[in-house]
Amino acid sequence: MIDTTAPTPPFVTRWLETIAPARLDEIASNPADTAIISADIINGFLREGPLASERVDRITKPVLELLRSAWDHGVQHYVFLQDTHPEDTPEFESYPPHAIAGTSQSQMIPEIADLPFADRFTVFEKNSLHPAIDTGFDAWWDEHPNLRTIIVVGDCTDLCVYQLAMHLRLRANALGIHGFQVVVPMNTVETFDIPESADLEPGTAHPGDFFHDVFLYHMASNGISIVRSIT
Ligand SMILES: [Zn+2]
């Protein structure tokens, strides 16, 4: 009998219970040095195709609220990293084909594209889970050396969000950039759920709550600020 539940380890639960909401005017006390960076809030993970799920789509409302309040607060920098794959990418050996260039799956969800300040968005296409390999993302950072507060949103918590937040944290560490904070609001990131079952091939289960919680914990262990929400 396979146990299909995957409880979050108690030491992670105990830590999660300590995570408090944050205020935008405290996190981003200087809007001019603040940026919001999004991973993969595209149709292919929220709305259509083999990797999309309603569970991930749940971040839409809090992300839209955060983007609107950041704009009202004076934040000027919004970057969207988006899966945009050629049909023959090696990634499709690990995941079913998704977000192929030229399809609606590779486009940002319409609610974000329709925001009145969408002309201020910078979009980077990527062909892997990583934000900076062959994307131009690091060159953008070189052009914006004064940014210090980075709010990360998107999906999936344990995949592209993790790679993105860790890349920003590790880049700042490696370059000796002081006062640089990477903030991940828990309610604006999510991951997909494939519960363990007897029919599944070993190695394919992906219990969403478990991976979401454990990777938040792991990011926090590496100096990334996890908050419950930013309002
Ligand atoms: Zn992909």
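In which loop is the place of Cys 156? Cys 156 sits in the loop between β4 (149-155) and α8 (160-175), where helices (H or I, at least four residues) and strands (E, at least two) are DSSP runs numbered from the N terminus. The peptide bond that leads from Asp 155 to Cys 156 is cis, with omega near -5°.

The model is predicted, and for that reason local features need pLDDT of at least 70 and side-chain atom pairs count only at pLDDT 80 or more, while totals for chains, interfaces and linings use all residues. Residues are numbered from 1 along each chain as its sequence is written, and side-chain values use heavy atoms, with hydrogens and water left out.

**The chain as a whole**

The chain holds nine helices and seven strands, and its C-alpha trace spans about 55 × 45 × 35 Å along the principal axes. The radius of gyration of the chain is 17 Å, which agrees with the value near 17 Å that a compact globule of 231 residues would have; this radius is taken over C-alpha atoms, and the globule rule is 2.2 Å times the number of residues to the power 0.38. Buried residues make up 49% of the 231 residues, where buried means under 20% relative accessible area, exposed over 50% and partly exposed in between, with a 1.4 Å probe and protein chains only.

**The zinc site**

The zinc ion is coordinated by Asp 83 (OD), His 85 (NE2), Glu 91 (OE) and His 98 (NE2), at 1.9 to 2.1 Å. Donors are N, O and S atoms within 2.8 Å of the metal (3.2 Å for Na, K and Ca), and sites may look incomplete because water is not among the atoms. Along the chain the donors of the zinc ion follow the spacing D-x1-H-x5-E-x6-H. The angles among the four donor atoms run from 92 to 163°, and the site is irregular; four donors count as tetrahedral if all angles lie between 85 and 135 degrees, four count as square planar and six as octahedral if opposite donors are over 155 degrees apart and all others between 65 and 115, and anything else is irregular. Asp 83 counts as buried because its relative accessibility is 1%, and His 85 counts as buried at 0%.

**Two positive phi angles**

Asp 40 and Ala 99 each have a positive phi in a residue other than glycine.

**Contacts across the sequence**

Thr 13 lies in helix α1 (residues 10-16) and counts as partly exposed, at 29% relative accessibility. Although Thr 13 and Asp 213 are 200 residues apart in sequence, their C-alpha atoms are 7.9 Å apart in space. Ala 165, placed in helix α8, counts as buried at 0% relative accessibility. The C-alpha atoms of Ala 165 and Met 219, which are 54 residues apart along the chain, are separated by 7.7 Å.
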